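Please read them beside the coordinates.

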Amino acid sequence: MKIGRAFPVLLSFFIISSVFGPLFLFPAAAAENSGEESARVLKATWGASGGDWGFPSPLTFYPRGPGYVMTSFCFDSLVWPDETGNFTGLLASSWENSPDGLTWTFHLRENVTWHDGEPFTADDVTFTYDYIQGKAVISPIGAGWYNTAVIENVEALDDHTVRITLNQPYAPFMQQVAAVIPIMPEHIWKDVSDPAKYMEDKAAVGTGPFILEDYNKDQQSYKYSVNENYFLGKPVIDTLIFVKSTDPVISLKVGDVDEASLTLDQVQALDDSENMKVIEGPGYWVYRLRFNIPANTILENTEIRKAIYHSLDCEEIQNKVLHGGGIAGNPGYVPPYSSWYNPNVTQYAYDPVAAGKILDEAGYDEVGSDGIRLTPDGEKLEFQLLYTSDQQNQRIAELVQSYLKDVGIGVVLKPGDTKTVDGLVNAGNFDLAIYSHGTSTDPARMLNSFPTSTGWNNTEFLALANQQMSTIDEEERGALVDRMQVLIAENVPTIPLLYRNVYSVCNQDKFDGFFYTPGGVGGGVPTEYNKLVFIYGEWNGQSTASAGNDTVGTNTPSMNASGILAAVMAFAVVFMLYRPKR
């Protein structure tokens, strides 16, 4: 796969025309051809797993990573992670915090405007934080995605300075608050009483690099146009489109889309297409076996969950499902490539004999004629397994069913689409579920959500969760997070089966510059769609970045200056050698 000028005066003419011709030598022709060539349209796809991620406004998107990403194209937060994972200013140009971690002061950019031309000010920031905090009950997104509970007060010191006071020190403030909460225009939202139902065109007006042109729920598509006045500089593409594709590999090959998120198997199916560039990253994307602990008295027993863990060969599951495109799960939940990973936790080797012994001792020693164990009441030891009906989840579910049958546990498969599965799990209508999702790189979101996402309410874990969030010293915080992982492994509230790597493939003949952000965006979403990609990437080898634009990160491309300089120098040499003699 592809990872990448002749008689004197005539030669100089061709050199210059190749570089400057469209602008200087043939202005009329350039004007005639500008339509096709100037329309920089990039089409991308999330694939067949789902394309409708909700209306892209801060309180209406579908509360999974893609929903937030679609919203981030229109809306900006105070800060944002760059290619290195470090935070750079978006609406804030600089900031500082007090030694006790309670006060954060942000100095905002001047001359920033909303998509409708209205000026952005500090009042919009104070309004947003207060509004989201106040509407959290009405819009579950507010409570589930944005952590405003740690905020005591937000005040505008002047038009371009905001002070945020916390009610306690919050270690991941930058990762989970300042870099996540999208700032909303007060002049549009101040009279909106129910944000969950507000989906008019104005609801997508932000300061972001793109303006929403069309959202089609039925076709599961999004269309964005460029924000010509974006404060970091005009994006390198004019139109960004997301469409659903039943087969992203074929869509890439025939040119229906220019970029797609793929699995390793799909990448390999591209057959080394020369114009396709592949990037890979640690996905922080987990496939885990989820138990309905509060509602199922059998699964509420920790020993039964341990028996199930021993019955599963997670390494073999990874090999059969991802074929090397990921790694086996870790009992402490945190993936091994995380800086917070603790390797010193209880391990559960694949051991069907040990699993059977645990089940016998728990009172499930009688086996029916079909090989399925019986409960003391004579009922089958059988569970319904809910999962999303894509290829990988389907294969995982079938393997889990087979492994559990080997130890005498029956499994009835129940597939569904993503939203159906999410709805049933959130409502508690399931026994077991194969649940796949991105995980944040910060323990505040990665681990603190366990009581909610598993139904496991361990007193020590809850205390550690609260303590680690307010511990500013990273070494001390690390020790607390280590202990949290120990408790997870010992109690098995969920079984991390495997972690999937993430892959992006893009037609490099059109666009180049995608990267995976260390730590993700939006609090940990593992995606190649960091919006800075479209500011500092290259369209057909060209970038809009210039010395006059603000720079973010370390990957700001040049303006093909070397090619221009070479052409000018070549012309100068030819002119000096062949100028008329006196």
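1. Helices, here and below, are DSSP runs of H or I with at least four residues, strands are runs of E with at least two, and both are numbered from the N terminus.

2. On provenance, this is a predicted model, in which local features need pLDDT of at least 70 and side-chain atom pairs count only at pLDDT 80 or more, whereas totals for chains, interfaces and linings use all residues. Residues are numbered from 1 along each chain as its sequence is written, and side-chain values use heavy atoms, with hydrogens and water left out.

3. Helix α11 itself spans residues 314-322, and its buried residues are C314, I317, Q318, V321 and L322, where buried means under 20% relative accessible area with a 1.4 Å probe, protein chains only. Seen down the axis of α11, these residues fall within an arc of 100 degrees, so they line one face of the helix; the arc is taken from the directions from the helix axis to the C-beta atoms. Their cover includes α9 (264-268), α10 (302-311), β13 (326-328), α13 (391-406) and β17 (494-507).

4. The largest nonpolar core has 88 residues, of which F106 and F534 touch the most other members; such a core is a set of buried Ala, Val, Leu, Ile, Met, Phe, Trp, Tyr and Cys residues joined through side-chain atoms within 4.5 Å. Helix α4 (residues 122-134) gives this core its largest share, six residues. A second, separate core of 58 residues includes L289, L322, F461 and I488.

5. Leaving aside neighbours within four places in sequence, F534 is in contact (heavy atoms within 4.5 Å) with L42, F73, F210, P235, V236, I237, L240, F511, F514 and Y529.

6. Four strands form an open antiparallel sheet in the order β4-β5-β7-β6, two strands being paired if DSSP finds at least two bridges between them. At the edges, β4 (92-97) and β6 (151-158) each pair on one side only. The twist averages 20 degrees from one strand to the next. Helix α4 packs on this sheet, touching β5 (103-108), β6 and β7, and its direction makes about 165 degrees with that of β6; axes are lines fitted to C-alpha atoms, for helices over the stretch in contact, and angles run from 0 to 180 degrees between N-to-C directions.

7. Between β6 and β7 (residues 161-166) the antiparallel pairing runs over six bridges, and D158 has T161 in β7 as its bridge partner.

Technical notes:
Buried < 20%, exposed > 50% of the residue type's maximum accessible area, 1.4 Å probe, protein only.
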